[in-house]
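Subject: Handing over the two-chain model

Dear colleague,

I am passing this structure on to you, with some notes below on what was found in it. Please look through the sequence and the model before reading on.

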Amino acid sequence: MQQLDARSAAWIVFVVIASTATLYLPAISIQQAQNGAWLSPVLAVPFGFLTYGLIWALRRRHPGQSFTAIALAVFGPVIGRVIVILMVVFLWQAGVIILRQLLGFIKTFILLETPILVVDFILSLAIWLALRYRVTVLGKVNQMVGFTLAALLAVLLISAMPDIHMSAFTPWLESGWKGLVRGAIVPATWYSQIVLLIFVWHEMKPDETALLDRRIIWMLLSTTLFLMIVNIAVLGVLGVQESARSGFPTLEIARYVQLGAGVQLQRLDILFIIPWILAAIFKIIFFYYGACAIIRDLLQHTTFDAFSSGVVFSGMGVVLVVFPKASITSYFISYDWPVYGLFFQVGIPLLLVISSLIRSRLKSWLSHAGGSS
Amino acid sequence: MLASLILCCFALSGCWDYKELEQQALLTGLGYDVGGKGDFLVIAYLDEQQSSAGDKAPQAQKAQTQVVVVKSKHALESYHLLSLQIPQFKYVSHLYTMVFSEAFAKSSSFSEIVDRITRVGAVRRRTSLLVTPDHVKDVYSQRLPGADSTARGLPDLVLQGNLLQLVPRIDLNEFVYQSTLPGVDAMLPEIHVVESNGHPVLKVAGAAVFHRMKMVGCLTPEDVRTLLWLMGKSGHSFLALPGFQKNDAAFFHTGEIHTAIKTSVRGGRPFADVKVELTGTLAAYRGEHLLRKADIKQLESMASRVFRKKLIRILKKTQAMKADPVGFGVLVRAQVGSAVWRKRYVHWSEEEYPRMTVHIQVKTHISSAEATDSPISVQQTESGSPQS
């Protein structure tokens, strides 16, 4: 049986964090942290390490077990089921929110006159078809998509360097440390989305476990550096006010880039748009994959082909009813999402680790007490 | 594989977003002016695509250029009214130039338009912005030699003017950046319609100075050159110097310019120390005697004095204009921090910059002194013909 390798898992981390962050992070962080926003990823990355630490602890305590099995073992059959069902709802609606952001982007910049329902249907169909493949296939394709996004965006950002104004970064930390912390809250929720690794964990090569830890740590640090460069380029070229006002400042940079003096190549932004759309689709796929994996384990099926269509196409229907306008998602992500997202992405794994520890201590204490009596 | 093929659909225009060539109008230039009765005029410079469908000749596919003028009471509305006159779908992603009349640039509608166009995602941020003291329609109706259209040729004209340090080079993004950064005021190049050999021609020279996205004054090409030097921007320009005697003249060709500006705040009052190091060559000299090393030293101090005078003049001019295009305020803000800035210096250009004291030091170095030790001597022969 084919299993997911450490490299593919590390690229899942990159795509999950960087796909939405490259486009939405600069505006959100700059609104709060102003010219100190380029440091926001540094303050947010500890949440990535914390989340990884939690799922690492769960893996150590419950080797080879799926998230559903761990939850049922730790919380018992009733509370465990409630927790995993809540997690399914969370993962599904997180996928729906990203889908809405993606739809809004495509509708605004590419397919202006195409009915949004058509775009919604095509995207959902592609996601559903992708979910029919094994996670090893998804991981490999995602690796290509992630690398393409990183490489092309890096080229664009390097080309934007001559247009960077150093005056945009003075005075040092314009909005102070408080602003910097506020600007790091939303990216912290993106970093903690690496919780998705927990759903592919038991499908990984067991001999690459040690390698995986190293790769994940490097990928988290590389992603942080990458996001810092994105923020520096956005701040330096557009300035604080214009970056905060613009909905998609990274796209503005991609459009502004000029490859050499006098080279009039237009629409270079397509080098960013295509890999970004693919990366966002893969992010949705991994969220839906998590939801389907829980249902599969809960219903004790071997595959999730039977209900993946339900997960995907219910999302397709709900997305336009709950979020009729894309601007609602921006507000939701800036103000409501951090608490809500962190509860499921960090809070539940933390609860699992603590409960698992207490349970094992209690068990050993009881066995010790029983033995001595 | 199937999923990848479906995703490829996004690279296509689809059934709804497909536009035939003849349905497209490329907006390459846009102008705003104020009409006789205070109406706003929007002038669109369009490259209308013509399809070769049905024609066998390859040259049948060509772009036709036309100028469309729309009048309205409100500047924002006037752009939308364009749609009523142009049946094709307007693409703004090829907008090369935007020209504003001085009357329009001085109105509050200017900032509304800049705000609006930067919100339209497809607009190029590399678009060149220009201001004209003439009518915008007159600018767009002139032909530029060698350029396939005036709107496309204007950015190159600005580039040439910038190389000669006659105009600042600034695009839409740069203008918005400078306008939104506290402590600096933006400039835009000026374009004029002038008479040459009895024909009107376009000429870029000078700059319009803005404060809070409203034009507050004009700078001559000489002022622009001095400002660019002050900002440490080198270029190919000459500085005319008086010689040692009445009929003498020297031309100093500027090479590298290094400017160091240091600001300080003492007793709440801003001060600035400007040190300029100018390196160049003596491009031409007309005088009674040959130049020696001592003369070169004298010319260097002469150039420093002339240049210092020019700097003082431009600083006084911008202080009177209540606009800080150099960006002394940016340095002060970096020094005092944003909290003090917001409290005390928020009206920098209007209140603080005009009373700022600037100390200027200029050091000039003429690098081709060796060449002038043995200059070309022209002697009169007996027959009277010149011989070198």
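To begin with one residue, B:Lys37 sits in the loop between β1 (24-34) and β2 (40-49) of chain B, where helices (H or I, at least four residues) and strands (E, at least two) are DSSP runs numbered from the N terminus. This is a predicted model, in which local features need pLDDT of at least 70 and side-chain atom pairs count only at pLDDT 80 or more, while totals for chains, interfaces and linings use all residues. Residues are numbered from 1 along each chain as its sequence is written, and chains are lettered from A and ligands numbered from 1 in the order in which they are written.

B:Lys37 counts as exposed because it has 7 C-beta neighbours inside 10 Å; by the rule used here, a residue is buried if 20 or more other C-beta atoms, placed from the backbone, lie within 10 Å of its own, exposed if 12 or fewer, and partly exposed in between. The C-alpha atom of B:Lys37 is separated by 9.4 Å from that of B:Lys73, although the two are 36 residues apart along the chain.

Chain B as a whole has 13 helices and 15 strands, and of its 388 residues 36% are buried. Two residues are in contact if their C-beta atoms, placed from the backbone, lie within 7 Å; among such contacts in chain B between residues at least 6 apart in sequence, 70% join residues at least 24 apart.

The domain assignment, which is automatic or taken from a database, divides chain B into domain 1 (21-51 + 61-219) and domain 2 (221-375). The C-alpha centres of these two domains of chain B are 31 Å apart, and their contact takes 20 residues from domain 1 and 22 residues from domain 2. On the domain 1 side, β8 (199-211) and β9 (214-219) of chain B are the elements that give two or more residues, with the largest share, five residues, coming from β8(B). That side divides into 14 nonpolar, five polar and one charged residues, where Ala, Val, Leu, Ile, Met, Phe, Trp, Tyr, Cys and Pro count as nonpolar, Asp, Glu, Lys and Arg as charged, and the others, Gly among them, as polar.

Between the chains, 32 residues of chain A are in contact with 25 residues of chain B. The largest share of the chain A side, five residues, comes from α5(A), and by class that side has 17 nonpolar, nine polar and six charged residues.

Within chain A, helix α2 (residues 40-61) and helix α8 (residues 209-238) pack at an angle of about 160°, with their axes 9 Å apart; axes are lines fitted to C-alpha atoms, for helices over the stretch in contact, and angles run from 0 to 180 degrees between N-to-C directions. The angle makes α2(A) roughly antiparallel to α8(A), given that angles under 35 degrees count as roughly parallel, over 145 as roughly antiparallel, 65 to 115 as roughly perpendicular and the rest as oblique. By class, the contact of α2(A) with α8(A) has nine nonpolar, four polar and no charged residues.

Helix α1 (residues 6-33) and helix α6 (residues 135-160) of chain A have axes that come within 8 Å and cross at roughly 50°, which makes α1(A) oblique to α6(A). Their contact divides into eight nonpolar, six polar and two charged residues.

With best wishes
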